[in-house]
Amino acid sequence: MQKYLVIIPLLFIGLLAQSQSIDFRTNSRTILGLQKDRTASISLGDIDNDGDIDAVVANGRHWPQQNQAFFNNGKGKFTVSQPLAITSETSYATELADFDLDGDLDIAVGNDQAPNVLYENDGHGNFSKWGNFGQDNSPTRNLTLADIDNDGDTDILITNRGRTNEICLNDGKGNFSKTIDFGSKDDSTIDVAAIDIDGDKDMDLVLANRDKQQNYVYLNDGNLGFSTKIPFGTGTDETRSVAVADFNQDGHLDIVTANIREPNRLYLGDANLNFGDPILVDTSSARSFSVAIGDLNLDGKMDIIFANNDAPNVVFINQDKGRTWEKIHLADQPFNTYDILTGDLNGDGRLDIIESNSDELNRFYFNIENRE
């Protein structure tokens, strides 16, 4: 497939967010192209096998737009791009994995009320439509990748708002003909994290539900049965995204939630899988659409990034094993950010931040050590 050069102006924008230990810097070159698409998701991975991190962008949401692949020049700049396909799709999510176990990263695209599509990589970052997965024409909102059945390949979990969620099982060759439902047809699930939260060596599910529905942890019985559910949250939250890590370093996994028009909360887990009184990480009651986590300042503790709608995106640096947090604005602009994630884009060993903005440029921020 033909690749297209993206010409970006060199004028420095000068956006800078500071803390005592790190800065997050963006300028007119740290963007993905010049189009202000309705971007809902970005995934990161080395799609052309040249040793750096590339980006795949899912555009459209409810309206068909072309999805794009952006290629890293090795220095954290995305100077070449190409459409993923000639087709425009109503895409909400894109994820990268080697689904057919041939040594390169393929792409799964989740679409709203249209078929979900797999794209096969030729090993050099060129993609061809491969097949479909999940129910046709579902209101797909997110995709989560995990080896949910412990057979050595990557399966796909689909969250459908207002329809039963799906687990699409990989046969090892990138075919997903077997599907298992989880949740109910009335669920408004927007996100799910797949992780072994109870330590029994199988993947459990942590659900983020909207429309004032209860959030749950679904425990895997080892045979892909998820009948045991553990509630967390208030029971009437508007949760759009979840992430799981041991934020207080006590050996038990904790859950952080990104909520709409209510505080974003951290639920500390214990040995009995209780997720009780939360810590209010962000009390601003913004419309938070996504959460990402990572050790941004290399101090061994997990930090948190929230993506907000019509408000600045924010970083929270873990100051006291999850009890206190330092707040940093990535930029002053109130973007409509649907997804946010971390990755070492320029190869300096520090996690950078990239955001998926609707009707705005998709920006990324280099994580720079503050030596002052």
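This is a predicted model: local features need pLDDT of at least 70, side-chain atom pairs count only at pLDDT 80 or more; totals for chains, interfaces and linings use all residues.
**Entry 1: sheet 24-25-26-27**

I started with the sheet that strand 24 belongs to. I found four strands in an open sheet, ordered 24-25-26-27, with antiparallel pairing. Which strands are at the edges? I noted strand 24 (287-294) and strand 27 (325-329), each of which pairs on one side only.

Next I took the pairing of strand 24 with strand 25. Strand 25 covers residues 303-309, and seven bridges join it to strand 24 in the antiparallel sense.

**Entry 2: F289**

I stayed on strand 24 and looked up F289, which is found in that strand. Is F289 buried or exposed? I read a relative accessible area of 4%, so F289 is buried, the cut-off being under 20%. Leaving out residues up to four places away in sequence, I listed what F289 touches: R240, S241, I260, A307, N309, T337 and Y338. I then checked F289 against V242. The two are 47 residues apart along the chain, and their C-alpha atoms are separated by 9.8 Å.

**Entry 3: strand 20 and F247**

V242 took me to its bridge partner, T257 in strand 21. Strand 20 (239-245) pairs with strand 21 (254-259) over six bridges, in the antiparallel sense. How many residues of strand 20 are buried? I counted seven of the seven, so strand 20 is largely enclosed by the rest of the structure.

I moved on to F247, in the loop between strand 20 and strand 21. F247 is buried, and its relative accessible area is 0%. Which residues does F247 touch, not counting those up to four places away in sequence? My list runs D254, V256, L266, I293, M302, D303, I304, N318, K321, G322 and W325. I looked at G322 again for its separation from F247. It is 75 residues in sequence and 5.4 Å in space, C-alpha to C-alpha.

**Entry 4: sheet 8-9-10-11**

I turned to another open sheet. It has four strands in the order 8-9-10-11, and the pairing is antiparallel. Why is one side of strand 8 and of strand 11 (127-133) left without a neighbour in the sheet? Strand 8 and strand 11 stand at the edges, each with a single partner strand, so one side of each has no neighbour there. The twist from one strand to the next averages 25 degrees.

I followed strand 8 to strand 9, residues 106-111. I found six bridges between them, antiparallel. A97 stands opposite D106 in strand 9.

**Entry 5: the largest pocket**

I finished with the largest pocket. Its volume is about 850 Å³. I noted 35 lining residues, and the closest to the pocket centre are E95, N142, L143, D191 and D339. By class, I recorded 23 nonpolar, seven polar and five charged residues in the lining.

Which strands each supply at least two residues of this lining? I wrote down strand 4 (39-45), strand 8 (91-97), strand 12 (140-146), strand 16 (189-195), strand 20, strand 24 and strand 28 (337-343). Strand 16 gives the largest share, six residues. Strand 8, strand 20 and strand 24, already in my entries above, are in this list too.

Methods. Residues are numbered from 1 along each chain as its sequence is written. Side-chain values use heavy atoms; hydrogens and water are left out. Two strands pair if DSSP finds at least two bridges between them. On a 1 Å grid over the protein atoms alone, a cavity is a set of points where a 1.4 Å probe fits but cannot get out, and a pocket is an open set with protein on both sides within 12 Å along at least five of seven lines; lining residues have an atom within 4 Å of a point. Grid points are joined across faces, edges and corners, and a volume is the space filled by probe spheres set on the points. Ala, Val, Leu, Ile, Met, Phe, Trp, Tyr, Cys and Pro count as nonpolar, Asp, Glu, Lys and Arg as charged, and the others, Gly among them, as polar. Buried means under 20% relative accessible area, exposed over 50%, partly exposed in between (1.4 Å probe, protein chains only). Contact means heavy atoms within 4.5 Å. Axes are lines fitted to C-alpha atoms, for helices over the stretch in contact, and angles run from 0 to 180 degrees between N-to-C directions.
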